[in-house]
Amino acid sequence: MSHRAGAIALIAAPIFGLAATLTLPELPADGAARLGVIEAESTRFLVANLLLLVSFTLFVLAVLALRRRLAERGSRWGAAAALAAAVGWVMHNAIVGMVMSQLPMAQAEDRAGAGALSEALFEGVGFTAVLLPMLVLTEIGTILLVIALWRAGLAPLWASIVVILGLVSEFVAPTPFDGIALYALLTVGFGGIALRLLAMPQVPAPDALPSEAANA
């Protein structure tokens with residue numbers, strides 16, 4: 001992916017996430033009640049989760065493009081952080097898949113039994129085994145990534161700070177505003193980084209250097 005396409009993906013990813021958060025209906029903690037809302041708002045529920053899938057996929061593509069730019073600047077630890085963040089964003093899609101599995105549960109005749117199954121899905125070891133590494137890789141990887149981008153001159157300091165604040169807000173902002181705060185701040189922060197990248201000249205690919213040198 002070119003650095004321009006990566007920058008555009010970096011802008012689009014949190015915008016899709018914000019759209020998904022605003023679309024998703026508020027879901028109760030109780031399994032049976034949650035399935036009732038999903039059944040009543042099935043279109044909103046489906047659209048919101050599809051938007052999240054697009055958002056997380058764009059994050060992966062954008063972060064991998066940033067990894068390439070950091071590698072070009074010789075930032076090995078920054079490139080490693082980008083790879084960790086990319087894995088974390090990929091794992092977000094696994095969580096979305098588990099959440100979307102509630103859609104057929106909402107059609108079950110035994111609402112109480114389906115509700116108990118829904119609660120067990122998110123309280124089981126399998127969900128925790130995906131959730132914990134996802135959070136660690138995404139949060140730490142992305143924080144180290146934006147720090148590396150700033151140190152490499154690829155991101156304004158304010159934009160890196162805003163991204164970090166967005167990641168922190170997911171854990172401190174009250175529900176249901178935590179998702180809105182997260183994606184709104186990521187839109188501003190990553191938008192600032194993307195604009196910096198778009199204003200920079202593209203670094204020639206290594207295999208293009210010899211021909212350019214010969215033409216000099």
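Modeller: Happy to! Keep in mind that this is a predicted model. Let us begin with contacts: in the protein, 76% of those with a separation of 6 or more are between residues 24 or more positions apart.

Colleague: Which elements make up the protein, and in what order do they run?

Modeller: The protein has ten helices and zero strands. Read from the N terminus on, the order is α-α-α-α-α-α-α-α-α-α.

Colleague: And what does the C-alpha trace span along its principal axes?

Modeller: It spans about 75 × 30 × 30 Å.

Colleague: How many of the residues count as buried?

Modeller: Buried means under 20% relative accessible area. By that cut-off, 40% of the 216 residues are buried. The protein exposes about 10500 Å², and 70% of this comes from carbon and sulfur atoms.

Colleague: How do I read the charges?

Modeller: Compare the mean positions of the two kinds. Here the 11 positive and 14 negative charges have mean positions 19 Å apart.

Colleague: How would I find empty space?

Modeller: Rolling a probe the size of a water molecule over the atoms shows where empty space is left. In this protein, the largest pocket holds about 1300 Å³ of space. Its lining counts 38 residues, and those nearest the centre are Leu 24, Leu 52, Val 99, Glu 170 and Asp 178.

Colleague: Which elements give two or more residues to that lining?

Modeller: They are helix H1 (3-23), helix H3 (42-72), helix H4 (76-100), helix H7 (125-151), helix H8 (157-172) and helix H9 (177-199).

How values were computed. Residues are numbered from 1 along each chain as its sequence is written. This is a predicted model: local features need pLDDT of at least 70, side-chain atom pairs count only at pLDDT 80 or more; totals for chains, interfaces and linings use all residues. Side-chain values use heavy atoms; hydrogens and water are left out. Helices (H or I, at least four residues) and strands (E, at least two) are DSSP runs, numbered from the N terminus. Buried means under 20% relative accessible area, exposed over 50%, partly exposed in between (1.4 Å probe, protein chains only). Contact means heavy atoms within 4.5 Å. Accessible areas come from the Shrake-Rupley method with a 1.4 Å probe; for residues, only the protein chains shown count as cover. Lys and Arg count as positive and Asp and Glu as negative; His and the chain ends are not counted. The place of a charge is taken as NZ of Lys, CZ of Arg, CG of Asp or CD of Glu. On a 1 Å grid over the protein atoms alone, a cavity is a set of points where a 1.4 Å probe fits but cannot get out, and a pocket is an open set with protein on both sides within 12 Å along at least five of seven lines; lining residues have an atom within 4 Å of a point. Grid points are joined across faces, edges and corners, and a volume is the space filled by probe spheres set on the points.
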